[in-house]
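Let's take a friendly walk through a protein model, one piece at a time. Keep the sequence and the 3D view at hand while you read.

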Amino acid sequence: MSNVSAGFRLVRAGWVLVREGVVAALPGEELSGLPKFGWRMARLFTRRRALAYERSDRLAKAVVRLGPSYVKLGQFLATRPDVVGNDMALDLATLQDKMHTFPRAEAIAAIEASLGRKIGDLYTQFGDPVAAASIAQVHAADAVHDGIATKVAVKVIRPGVRRHFFQDLESYFLAARLQEKYILSSRRLRPVEVTQTLAQTTKIEMDLRLEAAALSELGESTRDDPGFRVPSVDWERTGRDVLTMEWVDGVKMNDIAGLEAAGHDLKAIAANLIQSFLRHTLRDGFFHADMHPGNLFVEANGTIVAVDLGIAGRLGKKERRFLAEILYGFITRDYLRVAEVHFEAGYVPRQHNVAAFAQAIRAIGEPIHGQPAETISMAKLLTLLFEVTELFDMATRPELILLQKTMVVVEGVARTLDPAFNMWKTAEPVVGDWISGNLGPRGMMIDARDGARALLTLARQIPELAARTDRLSREIDLMAEHGLRFDETTADAIGKAEARYSRSGRWALWVIALTLVYIAWTII
């Protein structure tokens with residue numbers, strides 16, 4: 001029955017998108033057959049007043065009408081231009097996480113339940129909400145630390161948001177399975193895996209202890225960085241549903257007039273923002289992945305303070321080397337090396353030709369060298385690169401897509417502060433330092449040290465590996481002699497699971513079809 005209810009919710013979501021003109025705003029003239037017929041029907045059912053809005057406004061209204069979980073879905077898909085396309089990703093990126101506030105009394109109840117203490121024991125003063133998003137809202141409060149009263153920001157989970165999200169998540173998985181089953185070209189994008197990623201990231205975002213841990217980790221790694229920091233966490237007043245942190249006094253980075261009035265050097269702030277982001281990405285492999293200007297403050301001394309670390313990105317050493325070598329290869333016009341890096345990292349299947357792939361890379365790189373440096377976008381370069389890799393069956397890499405999305409946002413903020421911003425010149429000190437330290441002689445010594453440690457670990461496991469090999473050899477001999485057999489219980493369980501999957505899928509399709517007929521009948 002879960003598939004049936006998921007089907008109902010999916011049909012409702014599709015109907016809202018149709019009525020708000022989102023489907024009608026898609027480039028349907030390029031379609032043919034049944035998809036084009038569906039697009040034309042969607043135009044007939046669109047609200048007349050919706051036709052007056054831009055596509056991004058239609059999308060924002062539809063998503064807000066569907067509720068907080070769809071706002072979060074939209075924001076997540078904005079990080080996946082490989083799935084929804086660049087234009088739609090840009091529209092989704094404009095979704096503002098501004099929701100109606102919930103009552104102060106409900107926030108107090110959530111805090112007391114999470115921390116097991118009365119609100120008066122935690123804070124000397126607890127104010128009304130100052131901001132509300134899809135998952136949580138923020139209150140201003142006062143707390144006593146070491147006998148000193150300090151102002152803090154208290155983030156509280158929205159009541160009932162987990163239940164609503166996991167109900168909607170069932171319909172997301174149903175849509176992903178149907179897409180993967182019936183749209184063969186979408187399988188490369190792994191829609192079910194994308195939905196699983198959404199589920200995992202949102203689970204993390206809904207546990208504010210994990211956001212507090214991310215703030216703490218980023219705070220430690222950036223402790224000595226010039227001009228960048230994150231708020232400190234009050235662990236005594238932090239739990240699953242509440243996060244208490246330092247109050248930040250500063251000007252939001254989307255307030256250009258306010259920054260200028262405060263006397264800040266906008267060019268210096270833009271350079272500091274990009275260098276900080278690249279430093280976190282390459283040096284630490286851990287970066288703030290939601291660095292839109294609403295989450296960035298500038299203090300009186302010019303220090304950038306990043307808040308709201310619910311979404312964070314991680315890159316392993318291989319991915320960091322991959323990124324650095326690609327950027328360096330484009331700078332030096334060594335397209336063959338850029339292609340080889342893709343193959344060495346295992347991102348492009350071996351059946352493809354390295355030279356042919358290098359030719360495709362050259363088609364991206366050569367036009368760049370004929371432009372002024374300040375007009376070249378590093379984020380756009382990565383976008384074009386991922387488009388080309390699709391031709392060579394490069395599977396979706398979620399960690400690289402999240403990096404690309406964050407770079408698009410950060411670079412866009414920098415260019416807002418400084419329209420003549422030179423991305424390459426600004427990035428050169430950070431990227432060059434990382435390349436010299438990790439791809440040069442020092443990097444070779446570090447790799448050798450890591451290799452020696454890996455060999456030592458392997459040597460310690462040799463007795464266990466030998467025992468496993470012996471057991472595996474005996475089991476293979478038994479299979480060769482008697483064949484591979486399922487016991488009766490296993491065979492019965494497989495049959496029941498397959499029957500259940502087919503039956504629930506048919507129920508969902510029938511419910512969707514009957515609902516569509518009912519909607520059409522009521523309109524006619």
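In which loop is the place of Asn301? Asn301 sits in the loop between β8 (296-298) and β9 (304-306). Before going on, please note that this is a predicted model.

**Around Asn301**

Is Asn301 buried or exposed? With a relative accessible area of 61%, Asn301 is exposed, because the cut-off for that word is over 50%. The side chain of Asn301 makes a polar contact with the side chain of Thr303, at 3.0 Å. Asn301 and Gly227 are 74 residues apart along the chain, yet 8.5 Å separates their C-alpha atoms.

**Another sheet**

Strands of a sheet pair through backbone hydrogen bonds, either parallel or antiparallel. Now look for the open sheet in which four strands follow the order β1-β2-β3-β5, with antiparallel pairing. Why is one side of β1 and of β5 left without a neighbour in the sheet? β1 (125-132) and β5 (242-246) stand at the edges and each has a single partner strand, so one side of each stays without a neighbour there. On average, neighbouring strands of this sheet are turned by 30 degrees against each other, direction ignored.

Helix α7 (residues 104-115) packs on this sheet and touches β1, β2, β3 (148-157) and β5. The direction of α7 makes about 110 degrees with that of β1.

Let's zoom in on β1 and β2. A hairpin joins these strands through three residues. Five bridges link β1 to β2 (residues 136-145), and the two run antiparallel. Here are some facing residues from both sheets:

| Residue | Stands opposite | Strand of the second residue |
|---|---|---|
| Ala132 | Gln137 | β2 |
| Gln125 | Asp142 | β2 |

**A buried threonine**

Thr46 is also a loop residue, found between α2 (33-45) and α3 (55-66). Is Thr46 buried or exposed? Its relative accessibility is 7%, and because buried means under 20%, Thr46 counts as buried. The side chain of Thr46 reaches the backbone oxygen of Val18 at 3.3 Å. Leaving aside neighbours within four places in sequence, the contacts of Thr46 include Val18, Arg19, Glu20 and Leu51.

**A helix and the cores**

Helix α9 (residues 161-182) has 22 residues. From its first C-alpha to its last, α9 reaches 32 Å, close to the 32 Å expected at 1.5 Å a residue. Among the buried residues of α9 are Val161, Phe165, Asp168 and Tyr172.

How many residues does the largest nonpolar core have? The count is 97, and the residues with the most contacts inside this core include Met253, Leu273, Phe277 and Leu417. A second, separate core has 16 residues, including Ala110, Ile111, Leu115 and Tyr123.

Notes: Residues are numbered from 1 along each chain as its sequence is written. This is a predicted model: local features need pLDDT of at least 70, side-chain atom pairs count only at pLDDT 80 or more; totals for chains, interfaces and linings use all residues. Side-chain values use heavy atoms; hydrogens and water are left out. Two strands pair if DSSP finds at least two bridges between them. Axes are lines fitted to C-alpha atoms, for helices over the stretch in contact, and angles run from 0 to 180 degrees between N-to-C directions. Contact means heavy atoms within 4.5 Å. Buried means under 20% relative accessible area, exposed over 50%, partly exposed in between (1.4 Å probe, protein chains only). A polar contact is a pair of N or O atoms within 3.5 Å; within protein, one must be able to donate a hydrogen and the other to accept it, and residues adjacent in sequence count only if both atoms are side-chain atoms. A nonpolar core is a set of buried Ala, Val, Leu, Ile, Met, Phe, Trp, Tyr and Cys residues joined through side-chain atoms within 4.5 Å. The expected span of a helix is 1.5 Å times one less than its number of residues.
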